[in-house]
Each structure stands twice: as C-alpha cells, then as structure tokens.
Amino acid sequence: MLLANENQDNGNGVYPVAISFDMSTHLTPEQIAELRSDLEAELRRLQRSMTSTATASEPVALDQASVGRLSRMDAMANQQMAKTLHERELALELRILDALRRVDGGSYGVCLTCGHNIPYGRLLVMPETRTCTACGGG
Ligand SMILES: [Zn+2]
C-alpha cells in the first residue's frame with residue numbers, strides 16, 4: 001500500500017473530523033495559498049535532497065581488489081539504505097506533485113477515499129495527504 005508512509009508520518013492524529021459535507025473546497029484562498037507554498041517549499045527541499053541520494057545509490061564498484069570484505073558489506077548496506085531513502089523520496093515527490101495538481105484543479109483538501117473535507121490542521125502537517133484523518137488511519 002502506498003499510503004503506509006503517510007500513516008507513519010502522522011505523529012499524533014488529534015485533528016478534528018471534518019463536519020462540513022460541502023464537496024467544494026472548504027479552504028479559504030489564503031489557506032490554499034499557504035498550503036501551496038508549503039508544498040512548493042517541500043518539493044524544492046526534497047528535490048535538493050534527492051540529488052545527493054541519487055548519487056549515493058548508484059551501484060558501488062564491488063569487484064575492486066582494494067575493497068575488503070567488511071567494507072564491501074558496508075558499501076552494500078549504505079547503498080541499500082540510500083536506495084530505500086531515494087525510493088521513499090520519489091514516492092513523496094509524486095504525492096506532492098499530485099497535491100499541487102489538485103490545488104490547480106480546485107479539488108485540493110478533499111479526501112480521495114470518502115469525499116469529505118480534510119481538516120486544515122491535518123493539511124498543515126501533511127500538505128501532500130490525499131485522505132482525511134479517518135481514511136488515512138492516522
Ligand atoms: Zn476520508
């Protein structure tokens with residue numbers, strides 16, 4: 001499930017459940033603007049970080065005679081960690097880009113699972129979230 005990370009990211013999950021059932025966005029233009037700039041800032045930060053992890057996850061030259069058995073295992077473990085981190089960053093990047101598309105399309109802030117509004121407080125913590133507190137499991 002792609003949503004697994006999203007669940008883990010939510011540390012406290014104490015946001016009130018949305019009461020409004022209005023299907024149009026419940027966010028004010030100011031709130032939308034703030035969340036959009038949060039998303040764009042997070043995207044820039046992520047893309048800077050991804051440049052370095054992409055480099056770190058490039059295949060290591062494992063057959064070099066100068067590389068001993070232990071350091072070779074270290075290199076493989078580090079590479080695996082960098083690869084895992086990079087995959088997580090790629091998934092988050094997709095979620096942020098998706099959220100920005102929904103901001104542009106006017107459907108941002110609405111749960112993709114149940115169609116209810118996602119509370120502003122939850123969006124502030126996880127602007128890239130696609131689900132409300134109930135559907136997100138957190
Ligand atoms: Zn929902």
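**Note on the predicted model**

1. In this predicted protein model, confidence is lowest in helix H1 (residues 4-9), at a mean pLDDT of 43. Helix H4 (residues 120-125) has the highest, at 94. pLDDT is the predictor's confidence in each residue, from 0 to 100. Helices (H or I, at least four residues) are DSSP runs, numbered from the N terminus.

2. Residues are numbered from 1 along each chain as its sequence is written. Because the model is predicted, local features need pLDDT of at least 70, side-chain atom pairs count only at pLDDT 80 or more, and totals for chains, interfaces and linings use all residues.

3. The protein averages a pLDDT of 80, and 72% of the residues score at least 70. Over residues 1-16 pLDDT stays under 50. The model gives that stretch 21 contacts beyond four places in sequence (C-beta atoms, placed from the backbone, within 7 Å). Residues 18-23 are also below 50, with 10 contacts beyond near neighbours in sequence.

4. Helix H3 has 37 residues. From first C-alpha to last, H3 reaches 54 Å, close to the 54 Å expected at 1.5 Å a residue (1.5 Å times one less than its number of residues). Just after H3, Gly106 takes a positive phi of about 85°.

5. Which residues of H3 are buried? They are Arg95, Ile96, Ala99 and Val103. Buried means that 20 or more other C-beta atoms, placed from the backbone, lie within 10 Å of a residue's own.

6. Leu123 touches Leu35, Gly109, Ile118 and Thr129, leaving aside residues up to four places away in sequence.

How values were computed
Helices (H or I, at least four residues) and strands (E, at least two) are DSSP runs, numbered from the N terminus. Two residues are in contact if their C-beta atoms, placed from the backbone, lie within 7 Å. A residue is buried if 20 or more other C-beta atoms lie within 10 Å of its own, exposed if 12 or fewer, and partly exposed in between; C-beta atoms are placed from the backbone.
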